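Student: Please take a close look at a single part of this structure. I would like one connected explanation, with each term defined as it comes up.

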Amino acid sequence: MARPEQVLILEPQHELKFRGKRGGPGNGREEEEGERRGEERRGEERRGEERRGEETMTQWGPFSDVVTTNLKLSNPTDRNVCFKVKTTAPRRYCVRPNSGIIDAGTSINVSVMLQPFDYDPNEKSKHKFMVQSLLAPPEMTDMEGVWKEAKPEELMDSKLRCVFEMPVENEKMHDMESNKMMSSSLLKSDTSALPTKLMSSTLDDGEVKKIMEECKRLQMEAQRLREENKQIREDDGLRMRKSNMMSSQHSSVGIKKEEGLSARAVALIVLFFVVGAIVGKLVL
């Protein structure tokens, strides 16, 4: 017989993300609490390594300190629900609370604390979590007894896989999320500004027409001024050519007059010379 579907709502539904940190160890309160809770487990691991005579070297990395993520369990039903949180790597995680009862219509936050370890980016994570639940009996006094007496067809479960994120990946995801938020805010602002823009465009139609008419008038005025300027340049050219012709004519007339005067003077001199010679001969 198939198991019933999970009545609890999990947030997140499929993945538990553990985000690494840059630099050395942290000093947050959650990390200190998780460190305290996992002290005994780490002590056992260290003692086992010492017994084997292995040499260890401390290397601070993305998961050199406790990393905590939260799992929210919500009960939307009208009955109380018992739950348990299990993992395939119990020595690597501290879960608080790892079991309990969720009242009808309420929710609970489960803290999952990843203990420090030497992280290998090339190694794919195979850690998984499972949330088991069952409907609590009306009169329940012993929760452990309820779990022992529960039938397999009464149990409901949901599975989640663990994802380890490096700091660089975290920054990229943060940038993507911030870009999405900025783009959505810009879209909202643009959509909210559209009605005002439409109203302003309908109200300013008359002004737009006036501006278009003014532009046409200015274009016609500029064309007229260009034509007048062209005509003025042509007139100036004609006047300059006429003045040059007149000046050349005056100079040629003056030259002719001077040549006529010089010829007359020479003729008079010759005439006076001839008359003088004739008079001189007569006198003698």
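Tutor: Phe273 sits in helix 5, which covers residues 205-283. Helices and strands here are DSSP runs numbered from the N terminus, a helix being H or I over at least four residues and a strand being E over at least two. The model is predicted, so local features need pLDDT of at least 70 and side-chain atom pairs count only at pLDDT 80 or more, while totals for chains, interfaces and linings use all residues. Residues are numbered from 1 along each chain as its sequence is written, and side-chain values use heavy atoms, with hydrogens and water left out.

Start with Phe273 itself. This residue counts as exposed because its relative accessibility is 64%; buried means under 20% relative accessible area, exposed means over 50%, and partly exposed lies in between (1.4 Å probe, protein chains only). Phe273 also belongs to a nonpolar surface patch of about 480 Å², together with Val266, Val270, Val274 and Ile278. Patches are built from residues with over 30% relative accessible area and no salt bridge, joining like charges within 9 Å and nonpolar side chains (Val, Leu, Ile, Met, Phe, Trp, Tyr) within 5 Å. The areas come from the Shrake-Rupley method with a 1.4 Å probe, and for residues only the protein chains shown count as cover.

UniProt, in an unreviewed entry, places a "coiled-coil region" at residues 208-235. UniProt positions follow the numbering used here, feature names are shortened, and annotations may be inferred rather than shown by experiment. In the model, this span is 100% helix and 0% strand, and its end C-alpha atoms are 41 Å apart.

Next come the charged pairs. A salt bridge is a side-chain nitrogen of Lys or Arg within 4 Å of a carboxyl oxygen of Asp or Glu, and the whole structure has seven of them. One joins Arg217 to Glu214, with 2.5 Å between the closest N and O atoms. Both residues are in helix 5, three residues apart, which is about one turn of the helix. Arg217 is partly exposed because its relative accessible area is 44%. Glu214 is also partly exposed, at 36%.

Arg224 and Glu228 form another salt bridge, again 2.5 Å from N to O. These two are four residues apart in helix 5, so about one helical turn separates them. With a relative accessible area of 35%, Arg224 is partly exposed, and Glu228, at 38%, is partly exposed as well.

A further bridge links Arg239 and Asp236, at 2.2 Å from N to O. Being three residues apart in helix 5, Arg239 and Asp236 are separated by about one helical turn. Arg239 counts as exposed because its relative accessible area is 52%, whereas Asp236, at 32%, is partly exposed.

Now set the helix against the rest of the protein. There are five helices and nine strands, and along the sequence they follow the pattern β-β-α-α-β-β-β-β-β-β-α-β-α-α. Buried residues are 21% of the 284 residues. The protein exposes about 21,600 Å², and carbon and sulfur atoms supply 56% of that area.

Thr69 lies in strand 3 (residues 67-74) and is buried, since its relative accessible area is 14%. Contact means heavy atoms within 4.5 Å. Leaving out residues up to four places away in sequence, Thr69 touches Leu16, Lys17, Phe18, Val110, Ser111 and Val112. A polar atom of the Thr69 side chain is 3.4 Å from the backbone oxygen of Lys17. Lys17 also takes part in a network of salt bridges with Arg19 and Glu165.

The other is Val146, in helix 3 (residues 143-149), which counts as buried because its relative accessibility is 14%. Val146 touches Leu134, Pro137 and Met140, again not counting residues up to four places away in sequence. Val146 and Leu134 are 12 residues apart along the chain, and their C-alpha atoms are separated by 9.2 Å. Across the protein, among contacts between residues at least 6 apart in sequence, 79% join residues at least 24 apart.

Technical notes: A polar contact is a pair of N or O atoms within 3.5 Å; within protein, one must be able to donate a hydrogen and the other to accept it, and residues adjacent in sequence count only if both atoms are side-chain atoms.
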